[in-house]
Amino acid sequence: MREQDRAYGLTRRRMLGIGGALGLMAATGLSASAALARRPPITGAELRSAVPLPPAFRVPLPIPAVLAPVSTSGGVDRYEITQREVTAEILPGVRTPLWTYEGAFPGPTIESRRGRPITVTHRNELPVPTVVHLHGGRTPAESDGYPTDLVLPEGWPEAGMHTGHGMHDPRGVVTKLTRDYTFPLDQRPALLWYHDHRMDFTAPAIWRGLAGLQIVRDDAEDALGLPAGRRELPLMIADRAFAADGGLDYPALDPTLRERPGVGGPYLAGVLGDVILVNGAPWPVHEVDAARYRLRILNASNARHYELEAVSDDGRPLDLVQIGADQGLLAEPVTHRLLPIAPAERYDVIIDFSGVPVGSRVRVVNRLGSGRTRDVMAFRVARNATDDSRTPGTLSNDLPTWRRSDAVRVRDFSFRTGQMRGGHGWLIGGLPFDPARSDVTAGLGEVEVWRLIADVHHPVHLHLVGFRVLSRSGRPPLPHDAGLKDTVSLRPGESVEIITRFDGYRGRYLFHCHNAEHEDMGMMANLEIV
């Protein structure tokens, strides 16, 4: 165990479970800030795989296939995706059942252009209802993937549809077998991702494989001279655990994911796996030139936080030059040695391998991990090469310049554990999610400041809009808070101020914690744009 872990009094199996700080609060009534003063680096409990795990840095890094449109007529690109169960080899020699988009995990990548609309027809051939949310998309409400806008599989009864917690949503729009999602993509170029968002069952559905990438590009970004082609790598990082039969282990109370939501007691704070996957491969290795590469990094884990560092074989750390955040390019690059990334956050990073000797290796490690979860992936520098890419000093000039004085109101939200319908839950402002309740109403075009406070780690995500981080616990934002974000990582006992403008579209949206177990157990709220 690392010295930092000893200082927190943690174990690898239970970094922070209900038996830890949450149990202390429940038993003694201690405040969140008192119980969590030492700020443990992880929220959740870790599953241990029951199959032999492969050595690190042996499996090649897969690159998700780019989905071809079925039509490009009328100024709209049209795609079709079938959601279906397959069996695939994730661990070498082990067959694992997965729920997938188009038979792959991650699902196929959709390449799109700013301002050119796309329509994606999803067909549900899985055994349960699904919902698709384009995370980071500036999307009309009817295509945003509200958790009760279900796509029902063949034979699923439509009458009396309700959630696993028994709540009925009279505004939910239910379709049978297929649904068209339309995305105008009137937004900055960025790495987005699509995933299941079914109410009460988002966490196990993502865990089983329902996640994929979408990239939005535009001419201005193309003209910057950033690394491109095979030197631009999408990296979806996710942790999983494997059962003795090779299937994905997950502590669901209802393994069929049909009726009873939630997870077993030790995992209420979040489910962590002991295998780190990148693009669906365990601890992969990728062969690179001695040149600059652009890494499009997504943390698609349910609950695991990472602190990424790139280290050469001789122990030398490489700069991670951040050029983008959740919602696209920064104004100018920010250089890191350590880059923290919470669930659902994305970072666009340039790494320069030109100073690394050919034949040697650069490991990407997780400074919050221990044992096998300390390794993420590796790059092997295979050859010298010419490199005409660059990292310009000015990346964009279209970031919003909202000021506090522009805000028409300031709102306060607490993200804390609590009781929910007779059991443990996760609450926003003391309330569990209810689709029939109106939580926040904002006028289209209004600017607001939100103050968010946490008990444990909560990556807070707003649908529809991006925001800027104004402060952390009364101090300036951290270097990785730069740019326009849609997910912000609240650390234990921390308060964060954000500012945003509610523009785009009217309708019903959400904000929620993107620890997927917290989300399924009540930590969502309604956001109505009028």
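Thr-386 is exposed, with a relative accessible area of 72%; exposed denotes over 50%, buried under 20% and partly exposed the range in between, with a 1.4 Å probe and protein chains only. The model is predicted: local features need pLDDT of at least 70 and side-chain atom pairs pLDDT 80 or more, whereas totals for chains, interfaces and linings use all residues. Residues are numbered from 1 along each chain as its sequence is written, and side-chain values use heavy atoms, with hydrogens and water left out.

- Thr-386 lies in the loop that links strand E25 (375-384) to strand E26 (409-420).

**Overall fold**
- The protein contains 6 helices and 35 strands, taken as DSSP runs numbered from the N terminus (helices H or I, at least four residues; strands E, at least two).
- For 530 residues, a compact globule would have a radius of gyration near 24 Å, and the 22 Å of the protein agrees with this; the radius is taken over C-alpha atoms, and the globule rule is 2.2 Å times the number of residues to the power 0.38.
- The C-alpha trace spans about 60 × 60 × 55 Å along its principal axes.

**Packing and surface**
- Buried residues make up 61% of the 530.
- Among contacts (heavy atoms within 4.5 Å) with a separation of 6 or more, 78% join residues 24 or more positions apart.
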